[in-house]
Amino acid sequence: MTDRAQRAPLEELWRRYDRYRGRFVLAIVLSTINKIADVVPELLIGAAVDVVVRGDGSFVADVLGVESRFAQLGWLAAINALVWVVESLSQYLAAVAWRGLAQSVEHDLRVEAYDHAQRLSTTWHESRPQGATLATINDDVNQLERFLDLGAPALLQTVLNVLLVGAVFAAASWQLLVLAFLPIPLIVLGSLWFQRRLEPLYAAVRQRVADLSGLIAANLGGISTIKAFTAECRERARVEAASVAYRQANVDAIRTSAAFVPLVRMAILAGFTCTLLFGGWATLEGELEVGLYSVLVFMTQRLLWPLTEVAEMLDLYQRGRASTARILALLDEPVTVPAGRVRLAGPVAGRLELTGVRAGYADGPDVLHDVDLVVPAGETHAIVGPTGAGKSTLLRLMLRFDDPRSGRVSLDGTDLRELRWESLRGSIGYVAQEVFLFAGTIAENIAYGRPGASAEQIRRAARHAAADDFIEALPDGYDTWVGERGVTLSGGQRQRLALARALLRDPAVLILDEATSAVDNETEAAIQRSLRIATRDRTAIMVAHRLSTVRHADRIWVLDAGRIVESGTHDELVAADGAYASLWRVQTGESRPGTPDA
Ligand code: ADP
C-alpha cells in the first residue's frame, strides 16, 4: 500500500477519498461548460463577419432562416449575450466548486494526518528531524490544496482549450490544423526542459529561505546570549550573508524563468504567421470563407497563449504529487505501540512490575538489560543512578511510550500491551523532566487531565504541589495566562504546576521524573511534605538526582549502565556500603566527589 501511494500518490488519494468523487466530477463539468462558453463568442464574431460579407447566403441566414442582415446581427448579439451569461455563471460556480473541493480535502487530510501523528510512538517522533512532521501537516497539505484549487482546473482548461480549438480548425481545414498545432509539441517540450532546469534553482531558493529563517529564529531565541557576548555585529553579518545567498538564489531562478514566456511568444508567432499567411491565401483562392478565416486568426492566439502557463501548471502538479506522497507516507506510518483492549476493573491498585525487561531505541544497542523490578501497590519507590543509566527509559516503559524488546511490564498483573489507554495512562499521573505548559490560564493548565475539575479541586491540587502560594502572588492568580511555553514562570514553578496537574487526576500511580530538580531546598521540603501526604495511598515512582529527596522511599533501586545493581531502603543500602552508599557520601560531602554526575 505504501509502495503504491509513493508511486501514484494522486491515484491513491482518489482511491481513499471516494466521498469527494461526485464533487470532483461536478467541478470538471462546470469547467467544461465554462470553456465551451468561452470559445463560442469567437465563433460568433466569425459568423458576424460572414453576415456582413455574404448577406443572404451567410451561415446564419441558412441556419436561422432570417433574411435581413440587421436581424441576423441582432440574433447573433442575443446569442452572444446569453453565452456570456452562461460563461460568467459557470466560471463562478466552477471556482466555488474547485475551491470548496480543495478546502475540504485540505481540511480532512490535515486533521487525519494530525490525528495519525498523535497515535505514533514518542520514539517515532523523537527520531524524526524537528519540524518535519509539522511541515507535512502544514506545508504539504497546503501544497496539495494549491494544486487542487489552481493547478488542476488550469490543466483541465488548457486541455479542453486545445481540444475545442482543434475541433474548429479541423472543421475548417486539416492543413491549417496541422500548421496551427505545429508549435504545441515545441512549447510543451520547451516547458518540460525549462521546468527541469528550474527545479534545482527553485530548490536552492527554498533551501536558502529555510536557512535564513532558521538562523533568524535561532538568533531571536538566543538573543540574551548574543547580547551577553556582544556578538550583535557578528550575527548581523551572518544574517546578512544568509540574506544575500537567498537574494542570489532568487536572481538565478528569475533569470531563467523570465526567459520562458518570450521564447514561447516566438513559437506562437510561428503558428500565428502560418495561419495568417496560409489561411489568407486560401481565402483569396476562395477555398475558405472570410468569416472562418477571421475566426482562425483569433483562435491561433487563443490556442497557444494558455500554453505559456504549462510550465507553471506542471510545477504545481509535481509539487502537489510530491506533497501528497509525503502526506500518504505519514498516514501509512504504522502505529508501533497500538492500544490494547483490556479495561482494568476499578479501583486500580497500582502494582507495577517489570520482568526480564530488555529495551533500547530504534536500531541502537540495549539500554536496559534484564531488569526485574516490582513496585507493590501503595508503596513509594525511587530509581537512582548516574546520568545515562536508563532511568528515564525505565519510566517510559511504565507509561508505555515504548514497548520492551523482550520481557514484560504489567500493571495490576496485566501486560501493558493488553491495556486500553484509559486504563493504563488514565491510572497514572506523570510529571516529566521537561514541563509542557499549554497556552491558557494556570487553572486550565492544572485541570488539563481533568477538564471538569472545580476551582476548589484545582486549588487543593495546587496546595499539595506547594504551588498555591506562588500562584496567589501572581497578578491574576489562577487566571494568569501562561504563554505557549509558559515563559513567564521559573523552572521550579513550572514543575510545581505539573505536579498539581498530575495530582488533580487522583491517579493510582504517580510517576515523577526529576520532578523537584529545579526548586530550591526550602520549596523542595514543602513539596516533600505535601507529597508524603499525597502518596500515602497511591503508588509512587520517582527518579531523583538528589538522594535526600528519596531517602524516605520504601525501596530504592540503583540502576547502573542499564542494570539494577542494588535495591533496598536507604538505611539498608548505606549499610551495604555499595554504589548507593558511595553516591550518598558524595552528596552529603562525606567524601570527595568521584564523578561530577554522581
Ligand atoms: P537517565 O534517565 O538515567 O539519564 P536515559 O534513560 O535517559 O538515562 O538514557 C539511557 C540511554 O539511552 C543513554 O545512553 C541515552 O543516550 C539513550 N537514550 C535515551 N533516550 C534516547 C532516545 N530517544 N533515542 C536513542 N537513545 C536514547
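**Figure 1. Ring cluster of Trp14, Phe24 and Trp98.** Trp14, Phe24 and Trp98 are linked into a cluster by ring pairs; rings of Phe, Tyr and Trp (its six-membered ring) pair if their centres lie within 6.5 Å, with planes under 30 degrees apart counted as stacked, over 60 as edge-to-face and the rest as tilted. The model is predicted: local features need pLDDT of at least 70 and side-chain atom pairs count only at pLDDT 80 or more, while totals for chains, interfaces and linings use all residues. Residues are numbered from 1 along each chain as its sequence is written, and side-chain values use heavy atoms, with hydrogens and water left out. A search of the whole structure gives 10 aromatic pairs. Tryptophan 14 belongs to helix H2 (residues 9-16) and phenylalanine 24 to helix H3 (residues 21-54), 10 residues apart; helices (H or I, at least four residues) and strands (E, at least two) are DSSP runs numbered from the N terminus. Tryptophan 14 is partly exposed at 40% relative accessibility, as is phenylalanine 24 at 25% (buried is under 20% relative accessible area, exposed over 50%, partly exposed in between; 1.4 Å probe, protein chains only).

**Figure 2. Aromatic pair of phenylalanine 401 and tyrosine 430.** The two rings are edge-to-face, 5.9 Å centre to centre, with 75 degrees between the planes. Phenylalanine 401 lies in the loop between helix H15 (391-398) and strand S4 (406-411), and tyrosine 430 in strand S6 (residues 428-431), 29 residues apart. Tyrosine 430 is partly exposed, at 29% relative accessibility.

**Figure 3. Arginines over tryptophan rings.** Arginine 425 lies over the face of tryptophan 421, 3.9 Å from the ring centre. The charged end of arginine 555 sits over the ring of tryptophan 557, at 5.5 Å from its centre. The criterion is NZ of Lys or CZ of Arg within 6 Å of the ring centre and within 35 degrees of the ring normal.

**Figure 4. Surroundings of isoleucine 446.** Leaving out residues up to four places away in sequence, isoleucine 446 touches Ile458, Ala462, Ile471, Tyr478, Leu497, Ala500, Arg501 and Leu504 (contact means heavy atoms within 4.5 Å).

Figure 5. Most residues other than glycine have a negative phi. Alanine 466 has a positive phi of about 55 degrees; this residue is in the loop between helix H18 (455-464) and helix H19 (468-473). Alanine 466 is buried, at 17% relative accessible area. Aspartate 506 has phi near 50 degrees and is exposed, at 53%.
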